[in-house]
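Here are some friendly notes to read with the structure open beside you.

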Amino acid sequence: MGGASQLFKTDLEGLDRLIRKLRSGGYVVYGPVKQGRSWFFLEIDSVKQVDLNYVRTVLPPKKLLHPPREKLFEFKLDDGFEVSEKPTPSAVALFGVHPCDLKAIERQDEFFSQTPEDPYYLARRRNTLIIGLTCTRVDENCFCLSRGTGPEVSTGFDILITDVGNGYLLEPGSAKGLELLKSLGFQEAGDEYLEAKQKLIEELKKSFTKHMPSEGLAELAKSLLDHEVWKETAERCLSCGNCSLVCPTCYCFDVYDVLELNLRSGVRVRELDSCQLLEYAEVALGGNFRRNRFQRLRHWMLCKFGAAGGGLYSSCVGCGRCIVYCPASIDLTEVAGRLRGGG
Amino acid sequence: MNPYVPRIAVIESIVDETPDIKTFRLRITDGGFSFVPGQFVMVSVLGVGESAISISSHPDDAEKFIEISVRKVGNVTGSLFRLKPGDKVGVRGPFGNGWPVDKAVGKDLLIVGGGCGQGALRPLILDVLRHRDRYGRVEILYGARTPQDLMFKYEHDVWASVPQGCLLLTVDRVPPGVEWKHNVGVVTRLFEHVTVDPANSLVCICGPEIMMHFAVKGLLSMGFKGDQIYLSMERRMKCGVGKCGHCQIGGKYVCKDGPIFTYEELKLEPDKIL
């Protein structure tokens, strides 16, 4: 290649053409839409519906790649039974995904690619095009900088959009993304666009007020299983499971059968689950190895610190959702701080 | 291949082991099956659900059949108990790692079972019987609640006749009128009769976690090291393939990293009785 990859520039109208092009190419396009005080990834047909200045959505894009509920297969119970699968995902384009969520998707990609591969997730992922969006602002609950997951990203997207003030910088992150940008006839961006982006990133980096550095945290947390912070924090925890449902790296699910009223056919379903719920770790005859609330809270936080569960795959990307949506104002960065000896 | 879709198996025969444990012999209808001792399968009664159950037969028979020994404890196992020979169930797997049969070659083996944990140990015991020369001295300790709750009673004479080995049985209590010539007390009470050499042996344990806790304690004080003690762990499983998260013990997945762990591997993990 000799030098940096091709860069493009466009204006708001150009972004609208991009969305229309995706839709005419068979993609269902989702983007961050503001409703009330919150943002949601909703189906869009124009950039006008999107808030390019958003902070974070309530649910991460996980809801489209690892949906809250999905059918694994159908079964019929006639003579014995027969099982049929139906994995036919439609093509989806995620428009305007922030760096923390891009990193989370990368981790889920790797997690679900482990042997044996998860065919449902991967089929959906292969049919998904991802258009990232550099953040324009940081709020008091963002801490991607200290997690090494933002505000700058170099992978995890097909195209990355950055608002540089007087236009949009478009960086291809895959062959598919490059092809798409070329096909739209966007002009090449000069160095001033990259410089403007760098300036924005530097400004963003200065605005972080919350931090939870990864260095040594997993080992430290694992060595402090008896620390008082677990029980103290659990005093406030409601075990509602919000933290894990809004977490972009939480992947745990329950599996159950639903039988039709005719008692002859049914479906096996999987549904997002939470280790914060009492039933999650129940075993035969009423046994439960995480019966105490502090054990469930500790397990989830250890998982987010990279010391339990899926390790790095399920560890925290610093999006701040669990803090925003905790009804008991529990903040895992404060717990990490306590473990590090502060407070 | 979709790891979530079960294969169809036909129940060929059912043995009543105890008042609440049955052994089901299953024939997989669509071709081959192979496993190693200590692995488990996910057994489906479609419309009810799926449970993780250890395979209790020997791998050499897997082309013809596998057996699972099931205690009736919930919805899925309760439904299994209502099935008859000829009925069909779903089977996924085998999953998990298995007993350290290769590491055990040339070593003494101490096999400690409690309750229906003996189901997961039977493939190992059958391997000793079929390949006696692979192992050194083999001592089998097995405890249950009452004499009626002992599984595989029809095989105990064979287990007990293993050359250079022994079978020691114990029960928690003997109901009035039941004849019992073996020991009474928890399974760790049998440790005083153990003669395998801690320096050159492996221990394989499966039973309720509280029993394994006391067994490990006893074994460590006898001079066994944590990495010689293999434990088959029970945790809830929904997928069996390391995805659903339910079976996590700290950072370990029982379905994928286990179900068999050395005590050394587990001792620092949270949320266990061990």
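1. Domain bounds come from an automatic or database domain assignment. On that basis chain B is divided into domain 1, residues 7-95, and domain 2, residues 108-232. Please keep in mind throughout that this is a predicted model. Taken over C-alpha atoms, the centres of domain 1 and domain 2 of chain B are separated by 24 Å.

2. How many residues of domain 1 of chain B are in contact with domain 2 of chain B? There are 15, and they meet 15 residues of domain 2 of chain B. On the domain 1 side, strand 1 (7-18) and strand 5 (66-71) of chain B each supply at least two residues. By class, that side of domain 1 of chain B has five nonpolar, seven polar and three charged residues.

3. Next, the interface between the chains. Here 39 residues of chain A are in contact with 31 residues of chain B. Strand 4 (69-76), strand 11 (253-259) and helix 11 (293-304) of chain A each supply at least two residues of the side of chain A that touches chain B. Strand 11 of chain A gives the most to that side, with six residues. The class count for the side of chain A that touches chain B is 25 nonpolar, seven polar and seven charged residues.

4. The largest nonpolar core deserves a look of its own. It has 171 residues, and those with the most contacts inside it are A:I131, B:I111, B:V203, B:C204 and B:I205. As a general rule, in soluble globular proteins nonpolar side chains tend to be buried together.

5. Is B:S54 buried or exposed? B:S54 is buried, because 26 other C-beta atoms lie within 10 Å, and the cut-off for buried is 20 or more. This serine sits in strand 4 (residues 49-54) of chain B. Not counting residues up to four places away in sequence, B:S54 touches B:F40, B:G119 and B:A120. B:W99 is 45 residues from B:S54 along the chain, and their C-alpha atoms are separated by 12 Å.

6. The buried residues of helix 1 of chain A are A:L15, A:L18, A:I19 and A:L22. Seen down the helix axis, these buried residues fall within an arc of 95 degrees, so they line one face of helix 1 of chain A. What covers them includes strand 1 (8-10), strand 2 (28-35), strand 6 (92-97), strand 7 (128-133) and strand 9 (168-172) of chain A. On the face turned away from the buried side are the exposed residues A:E13 and A:S24. Helix 1 of chain A is followed by A:G26, whose phi is positive, near 100 degrees.

7. Helix 4 (residues 119-126) of chain A can be read in a similar way. Which residues of helix 4 of chain A are buried? They are A:Y120, A:Y121 and A:R124. These residues cover an arc of only 95 degrees around the axis, which puts them on the same side of helix 4 of chain A. They pack against helix 2 (62-65), strand 4, helix 3 (99-113) and strand 7 of chain A.

8. Two peptide bonds to check by eye come next. The bond from A:G150 to A:P151 is cis, with omega near 0 degrees; A:P151 is found in the loop between helix 5 (144-147) and strand 8 (159-163) of chain A. In chain B, a cis peptide bond joins B:G93 and B:P94, with omega about 10 degrees, and B:P94 is found in strand 6 (residues 88-95) of chain B.

9. Last, some backbone angles. A:S239 has a positive phi of about 55 degrees although it is not a glycine. A:S239 lies in the loop between helix 9 (228-234) and helix 10 (242-246) of chain A, and counts as partly exposed because it has 16 C-beta neighbours inside 10 Å. B:D271, also not a glycine, has a positive phi of about 60 degrees. B:D271 is found in the segment after helix 5 (263-266) of chain B and, with 21 C-beta neighbours inside 10 Å, counts as buried.

Methods: Residues are numbered from 1 along each chain as its sequence is written. Chains are lettered from A and ligands numbered from 1 in the order in which they are written. This is a predicted model: local features need pLDDT of at least 70, side-chain atom pairs count only at pLDDT 80 or more; totals for chains, interfaces and linings use all residues. Two residues are in contact if their C-beta atoms, placed from the backbone, lie within 7 Å. Helices (H or I, at least four residues) and strands (E, at least two) are DSSP runs, numbered from the N terminus. Ala, Val, Leu, Ile, Met, Phe, Trp, Tyr, Cys and Pro count as nonpolar, Asp, Glu, Lys and Arg as charged, and the others, Gly among them, as polar. A residue is buried if 20 or more other C-beta atoms lie within 10 Å of its own, exposed if 12 or fewer, and partly exposed in between; C-beta atoms are placed from the backbone. A nonpolar core is a set of buried Ala, Val, Leu, Ile, Met, Phe, Trp, Tyr and Cys residues joined through C-beta atoms within 7 Å. The arc is that of the directions from the helix axis to the C-beta atoms.
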